[in-house]
Every structure is written in C-alpha cells, then in structure tokens.
Amino acid sequence: MANGNASLAVARAASNQQVLVKNNQFDGNVKVFVSTFTNPSTGGVAVGEYISWGFLPFGARLLPNARIYFSAGAASSTINLGDPASPARYMAATSVTSAGSALAEAQLANGALVEVDVVAPGTANDKSELRSTVAGAALQSGQVLTLIAQYVSGN
C-alpha cells in the first residue's frame, strides 16, 4: 500500500516550512459568530425572504458544528443557511416548526471547508454574508432564531 499526503503535509514537504499554507487551514485565529433574530409581530420574514445573520471576513472558513437554534414556529416553516452565491451552502432547508436546533455542516459533504473568497455585499456572488431563506411558510410571529458558529481566519 502507498502512503498519501494531505494538503498540509504536501505544503510542508514542498517548502520544509508552513509558509505555503493559508492561515485559515493551519495556525489561524478561531473567532465566535453569534447572531440572534426575533421575527417581528408585524412585517416579519415571509416565504422567499431571508434573514441576514452578518458577514464573515475575506479568507474566513466556517468551522464544523455551526448550529442554528430556534423556538417553536409555524407549521411547514423551513430555513436554510448559506450565502448569496449558494443559498444552502451550509445547511439545506430544515424545519423550524418545533423548538430545537439544526447543524449546519453541508459544506463538509464534499470534504472541504468553503473559503470566503468573494466579498461583494449586495451582489449575487458574495460569499461573505451568511443568510437563511424562509420556505414552506412564513416564520412565526415572535419566533427567535440564533446562529452560533466559529470561523477561522488569518487576522
């Protein structure tokens, strides 16, 4: 059997140092991202509309175990988690009908953490803004949702 080198081992072998590895892959700074949304009693988020959770910095990677917590909501109501470039990048549409939480790790399905390589707020190719789009039914009046995540960056 042959041995294989993963990306960090390959980078070290190429330079005998860690200089070719990005800080979001090795020795970066882990930061906390906590954002809460309470759906207003009037003019709340409807089907097809989204919640903007906030923005990740350029070069950041959302780490495993990102989770959205939610209070009980309307029947058939779902949300996802992604960005303008890929609305379900981190989590596919998930029911928020009963109180609970949902793990946002869809980006790991292909074995890679997504890097924020486009920061262009207000454009369709922005990867920095974390968003959840509502589907199925509008969010319940007064429903509370909280995104808790960690991300790594080089800053």
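**View 1. Pairing of β2 with β8 in the predicted model.** In this predicted model, strand β2 is joined to strand β8, residues 129-135, by 5 bridges, and the two strands run antiparallel. Within this pair, F55 stands opposite E129 of β8.

**View 2. The open sheet that contains β2 and β8.** An open sheet is formed by 4 strands, which follow one another in the order β2-β8-β5-β6 with antiparallel pairing. Because β2 (50-55) and β6 (91-95) stand at the edges and each has a single partner strand, one side of each is left without a neighbour in the sheet. From one strand to the next, the twist averages 20°.

View 3. N80 is part of strand β5, which spans residues 78-81, and with a relative accessibility of 10% N80 counts as buried, the cut-off being under 20%. A polar atom of the N80 side chain lies 2.7 Å from the backbone nitrogen of T133. Leaving aside residues up to four places away in sequence, N80 touches I68, P87, A88, M91, A92, A93, R131, S132 and T133.

**View 4. Strand β9 and its partners.** Strand β9 covers residues 144-153, and since 7 of these 10 residues are buried, β9 is largely enclosed by the rest of the structure. Strand β1, residues 29-38, runs antiparallel to β9 and is joined to it by 10 bridges, with I148 of β9 as the bridge partner of V34. Strand β4, residues 67-70, is likewise antiparallel to β9, through 4 bridges, and here I68 has L147 as its bridge partner. Strand β3, residues 61-62, is joined to β9 by 2 bridges in an antiparallel arrangement, where R61 stands opposite V152.

Conventions: Residues are numbered from 1 along each chain as its sequence is written. This is a predicted model: local features need pLDDT of at least 70, side-chain atom pairs count only at pLDDT 80 or more; totals for chains, interfaces and linings use all residues. Side-chain values use heavy atoms; hydrogens and water are left out. Two strands pair if DSSP finds at least two bridges between them. Axes are lines fitted to C-alpha atoms, for helices over the stretch in contact, and angles run from 0 to 180 degrees between N-to-C directions. Buried means under 20% relative accessible area, exposed over 50%, partly exposed in between (1.4 Å probe, protein chains only). A polar contact is a pair of N or O atoms within 3.5 Å; within protein, one must be able to donate a hydrogen and the other to accept it, and residues adjacent in sequence count only if both atoms are side-chain atoms. Contact means heavy atoms within 4.5 Å.
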